[in-house]
Amino acid sequence: MKKIFPCILIAGMVFLNSCTIQSSIFVTEPKSKSFFAMDTYMTITAYGANAEIALNQAENKIAELEKLWSVTDENSEIYAINHSHGKSIQVSSETAELLDFSLNISEMTSGALDCTMYPILTEWGFTTSNYKIPTDAKINELLENTGYEKINMNGNNITVPKNMQIDMGAVGKGYTGDLIADILRENGIESALLDLGGNIQTIGIKTNGTKWKLGLRSPFDEGLFATLEVSECAVITSGGYERYFVGDDGETYWHILDPKTGKPAHSGLISVTVVGKEGRLCDALSTSIFVMGLDNAVKLWKEFNNFEMILVTDKDEIYLTESIEKNFSLNQMYENLQVEVIQR
Amino acid sequence: MSVKKITQLALLTAIALTIFIVELKIPNLVPIPGVKLGLANIVTVYAMYHCTAKETFLIVFARILLGSVFGGNISTIFYSLGGALLCLTGILILRHIVNEKYIWICSIIGAVLHNIGQIIVAVVMMKTTAVIAYLPFLLVFGCISGAFTGACAQMLINRVKNLST
Amino acid sequence: MKIKNVLIITCILIFLVGLIGSLWLIFKSHSQKVQIIQNGEVLYIIELEKSGDETIEIKYQGSKNIIQIDNHKISVIDADCPDKTCVKMGELKSSAAPIVCLPNKLVIKFAETDDIDAEVK
């Protein structure tokens, strides 16, 4: 009997040794995929047995959606609509749904979002990076051929008047996030982080049981001004810092245009972050709230009650809605910023 | 201290040192700093129950000092000293309440204390708390190696019963 | 006899705490930022994901460690200490096992995961 004791000990030791050496095998490694699509760099990270398959499906889906919605690709449905010369075009259900959603948001925000601004964006050079300040006369002339209400939808048949062009830039990526999240969920993924060029969508919580920690890009500099902890939702920011140029007159012109003036929106907000269940809603609202300004944003929030927001004004104040206050924390460098909580 | 006692202590130190040097030659299976069987502690555990506190300290410190000189790794002497100090203090209290028959319990607790001592020294020496990450591993391996050396010491005691003074 | 039981239970508890702690550390997620610390001072912070292949030599009182970043993995490839535990430890894999060179007071570890998961922009 006495000899068995040390034998067991030695056996135990050898077993444990091999455990530690191979321990990395047991660790649930996240599967991650990064690629260029829709003019940005996307990274999708998923945890779970089917992660690899799900990620491949996701990448294929994104490529497929990009083919549908690209404004420049001659084979895309958006291109077909823009070159229809007023004729009705039949599109896929995805495109129809996206456009329908975009039009609904336009209604909801009284036209702060308008998918027909593409010709004016091009005139400013935001689509090509050949920036220039158009004359007022030119803008007014182009404004004649804008207006979301002129789009006619009949099921999957879409009619856009002659000389009008649409683009899905303000909702496309958010909608893509929703579709990709669905694909991951269908594959049984319970924890994932989608970074579609800075548009963040999360599934579940992290595998270690904590919420996802997101850094919010500062509109003042290159840093991150705050941290937001979230689970199972989308977080999307619109800001003047994303794409802009400084004109010959020394003024800064950014890419978010006010559909009413055809010029960069100056509502007093310089960064708008929207948090919500659906990526499409967050994407569309972040753009439209940037155009609408603080007061209208608060009205919208009280009326619809289906999103949360963090607004930064040009007076260096931060406004956030009450439900996300506890998940929000300013980073050290930006502690002097004034934070106001918007109550219901 | 009688000549007989001195001889006995010298003999124990020599045995411990021999085991220590031999163990250095065994490749370390687990590449974690601080993890090893610590076979030399068979002698320490034995001495705990057969010598006075002072004598045990002498044996252990002589072994550590000579061990690091012969082993060619003087820089790690502080880790050994820190570990040994905590371990010895712990066992010196325990030996009054634990019968020699259950020497392996003392051995386990001693080994764990040794590892904790090592970590404390490492935190002070390296001025970073990063090394605390090793504590859980060291606890596990401390238990195993402690049980092993304890079992060895038990066998040793059973066999040399007649020889002991 | 009672004391004996208490002590045996203590031993088992220590073992279990160690085991659970080890597992927790192994499974704990970590950032991609690696800190190289010597004598309590952070010498380098390296973003493994973005870093190219590199070799860093770190001297300490006449002895040195050679750290290599290869294919976004960091390891110590040579050291002139006697035990070379740091070299044997191989690549830095988990936050549970920082690469430690006791004689040269060198620690290579993942930075605490206070880091964010993604940037909203």
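**Helix packing and a chain contact: exercises**

**Exercise 1.** Which residues of α4(B) are buried, and what covers them?

*Solution.* Start with burial (20 or more other C-beta atoms within 10 Å of the residue's own, placed from the backbone): B:Tyr79, B:Ser80, B:Gly82, B:Gly83, B:Ala84, B:Leu86, B:Cys87, B:Leu88 and B:Ile91 make the list in α4(B). Next, the cover includes α2 (41-50), α3 (53-71) and α5 (103-126) of chain B. Helices here are DSSP runs of H or I, at least four residues, numbered from the N terminus.

A quick note: this is a predicted model, with local features needing pLDDT of at least 70, side-chain atom pairs counting only at pLDDT 80 or more, and totals for chains, interfaces and linings using all residues. Residues are numbered from 1 along each chain as its sequence is written, while chains are lettered from A and ligands numbered from 1 in the order written.

**Exercise 2.** At what angle do α7 (172-186) and α8 (279-292) of chain A pack?

*Solution.* Take the axes (lines fitted to C-alpha atoms over the stretch in contact, with angles from 0 to 180 degrees between N-to-C directions): the angle is about 165°, and the axes are 7 Å apart. The two helices are therefore roughly antiparallel (over 145 degrees).

**Exercise 3.** How many residues do chains B and C each bring to their contact?

*Solution.* Count contacts (C-beta atoms, placed from the backbone, within 7 Å): chain B gives 28 residues and chain C gives 31. On chain B's side, α5(B) supplies the largest share, seven residues.

Methods:
Buried ≥ 20, exposed ≤ 12 C-beta atoms within 10 Å, placed from the backbone. Contact = placed C-beta atoms within 7 Å. Parallel < 35°, antiparallel > 145°, perpendicular 65-115°, else oblique.
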